[in-house]
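Here is a short briefing on charged side chains. Please keep the coordinates open while reading.

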There are 2 protein chains.
Amino acid sequence: VTVHLVGAGPGDPGLITARGLDLVRACDVLVYDVLVSPELVAEAPADALLISRAPLRQAEIDGLLVEYGRAGLDVVRLKGGDPFVFGRGGEEALALAAAGIPFTVTPGVSSIAAVPSAAMIPVTHRGVSDRVTIANGHGVPDDPEALTTALARGGGTIVLFMGLERLGELVSGLVAAGLDPSTPAAVVANGTLPRQEIVSGAVDELAELASALPTPALVVIGDVVDVGRRLRAAAERHHAVVA
Amino acid sequence: VTVHLVGAGPGDPGLITARGLDLVRACDVLVYDVLVSPELVAEAPADALLISRAPLRQAEIDGLLVEYGRAGLDVVRLKGGDPFVFGRGGEEALALAAAGIPFTVTPGVSSIAAVPSAAMIPVTHRGVSDRVTIANGHGVPDDPEALTTALARGGGTIVLFMGLERLGELVSGLVAAGLDPSTPAAVVANGTLPRQEIVSGAVDELAELASALPTPALVVIGDVVDVGRRLRAAAERHHAVVA
């Protein structure tokens with residue numbers, strides 16, 4: 001008799017939380033994102049109602065959660081990454097709150113650190129970066145210049161969720177706003193999955209390097225990218241299995 | 001025959017990842033942080049060697065990981081939050097790489113979003129905030145004015161890991177750098193644990209509101225704090241169990 005907003009993690013099904021997995025295994029209804037691993041959807045009980053959010057608009061999802069919640073069913077809304085980090089979980093929670101439906105929020109491993117981590121890049125590292133700014137590069141921002149100025153002058157690591165078609169434009173904006181064009185940068189596509197791909201180089205050559213990569217992709221800009229490069233080289237040398 | 005750097009999550013033992021829990025349950029040696037839940041330490045095999053990092057310096061931890069890794073044991077280094085987010089996981093990974101010891105990194109749920117989430121605060125929310133900057137407020141930054149200027153002018157949500165004794169000073173710096181003193185803000189102490197405490201108000205009254213809170217604490221500044229206030233009010237009204 002509760003709707004649970006649950007983070008599925010960044011892609012690899014082993015990265016859901018223990019509690020999130022318990023909730024999936026006990027649900028009556030599972031409403032899941034496109035990017036949620038099929039292995040996790042398969043963890044729902046055999047008689048659970050499975051609903052892909054793919055064909056639905058946000059208002060329809062909100063309506064379904066309210067409807068099944070009101071019917072007294074245990075509903076899991078399984079969302080990629082973390083529900084409250086670029087996940088519209090807040091909107092779903094407000095819709096449930098407005099309708100008087102009890103709900104819980106179970107956080108997930110967000111791509112913002114797990115995808116860099118899968119490329120061995122720590123988003124912070126002592127003596128290299130003591131802060132990180134995460135922004136959404138999808139769509140056209142309300143004020144692109146304000147965004148690039150804030151990112152270029154903020155210092156520390158920059159992490160961007162984005163489609164790659166606008167990467168060149170965004171990098172030009174960052175460099176125009178003062179970012180050193182030789183700053184190390186990387187793009188990680190399909191992060192944490194077996195088909196993960198990484199490119200890395202100076203930020204001003206990033207768009208060209210990444211031109212053949214698929215989406216979803218995550219962009220990391222900052223000196224921590226070089227720490228990742230050293231760790232990946234070591235892992236390859238020692239045939240380490242990289243989780 | 002591998003050293004695994006594993007994120008334990010933000011405090012609540014249910015928030016470790018499924019893979020992280022599997023690694024703990026199969027290890028020969030468990031080296032764990034002070035803030036890791038005792039329930040997770042208890043998941044190690046009965047004959048595993050358990051080592052608290054509490055009395056150790058970072059160089060000693062690095063040395064232990066290398067030593068036990070070289071001895072051919074399966075070592076889990078269980079770290080609060082995520083190993084690569086303010087976790088010194090990068091330093092441990094570099095030490096292992098330099099010694100030629102194979103290692104893996106399993107990300108964890110970081111406090112940076114999970115603790116706000118436990119207070120029902122989404123760090124991003126459509127129409128409210130499309131970016132978030134996370135900084136470390138522990139210790140004295142190299143250049144406090146550069147930090148407060150970047151944070152105050154960055155726009156979006158600000159999340160700070162910190163002890164609370166310097167909160168007043170930091171807020172004064174932010175307001176001096178242009179942050180609106182009426183910006184909504186919250187401090188969450190012992191986030192995700194049963195003894196969690198939340199205070200919230202305008203940023204310029206935050207230090208006073210938080211003066212009695214214990215550490216560790218996380219500070220959230222930005223309009224998303226008001227979304228959290230609305231969601232907590234709804235949860236209380238409907239007697240929802242808040243995960």
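**Charged contacts in a predicted model**

Asp33(B) and Arg77(B) form a salt bridge through their side chains, with an N to O distance of 2.8 Å. This pair links distant parts of the chain, 44 residues apart. The model is a predicted one. Across all chains, the salt bridges number 22.

**The Asp33(B)–Arg77(B) pair**

- Asp33(B) sits in the loop between strand 2 (29–32) and helix 2 (38–41) of chain B.
- Arg77(B) belongs to strand 4 (residues 75–79) of chain B.
- Asp33(B) has 17% relative accessibility, so Asp33(B) counts as buried, the cut-off being under 20%.
- Arg77(B) is also classed as buried because its relative accessibility is 0%.

**The Arg25(A)–Glu43(A) pair**

- In chain A, Arg25(A) makes a salt bridge with Glu43(A); the closest N and O atoms are 2.8 Å apart.
- Arg25(A) lies in helix 1 (residues 18–25), and Glu43(A) lies in the loop between helix 2 (38–41) and strand 3 (49–52), so the bridge ties together parts 18 residues apart in sequence.
- Arg25(A) is partly exposed, with a relative accessible area of 43%.
- Glu43(A) is partly exposed at 31% relative accessibility.

**A pair within one helix**

- Asp226(B) and Arg229(B) are joined by a side-chain salt bridge, 2.3 Å from N to O.
- Both residues lie in helix 9 (residues 224–237) of chain B.
- They are 3 residues apart there, which means that about one helical turn separates them.
- Asp226(B) is partly exposed, at 31% relative accessibility.
- Arg229(B) is partly exposed as well, at 34%.

**A salt-bridge network in chain A**

- Which residues are linked in a network of salt bridges?
- The network takes in Asp33(A), Arg53(A), Arg77(A), Lys79(A) and Glu92(A).

**A negative patch on the surface**

- Five acidic names make up a patch of negative charge on the surface: Asp180(A), Asp204(A), Glu205(A), Glu208(A) and Asp223(A).
- One of them, Glu208(A), is placed in helix 8 (residues 206–209) of chain A.
- Is Glu208(A) buried or exposed?
- Glu208(A) counts as exposed because its relative accessibility is 67%, and the cut-off for exposed is over 50%.

Technical notes. Residues are numbered from 1 along each chain as its sequence is written. Chains are lettered from A and ligands numbered from 1 in the order in which they are written. This is a predicted model: local features need pLDDT of at least 70, side-chain atom pairs count only at pLDDT 80 or more; totals for chains, interfaces and linings use all residues. Side-chain values use heavy atoms; hydrogens and water are left out. Patches are made of residues with over 30% relative accessible area and no salt bridge: like charges are joined within 9 Å, nonpolar side chains (Val, Leu, Ile, Met, Phe, Trp, Tyr) within 5 Å. Accessible areas come from the Shrake-Rupley method with a 1.4 Å probe; for residues, only the protein chains shown count as cover. A salt bridge is a side-chain nitrogen of Lys or Arg within 4 Å of a carboxyl oxygen of Asp or Glu. Lys and Arg count as positive and Asp and Glu as negative; His and the chain ends are not counted. The place of a charge is taken as NZ of Lys, CZ of Arg, CG of Asp or CD of Glu. Helices (H or I, at least four residues) and strands (E, at least two) are DSSP runs, numbered from the N terminus. Buried means under 20% relative accessible area, exposed over 50%, partly exposed in between (1.4 Å probe, protein chains only).
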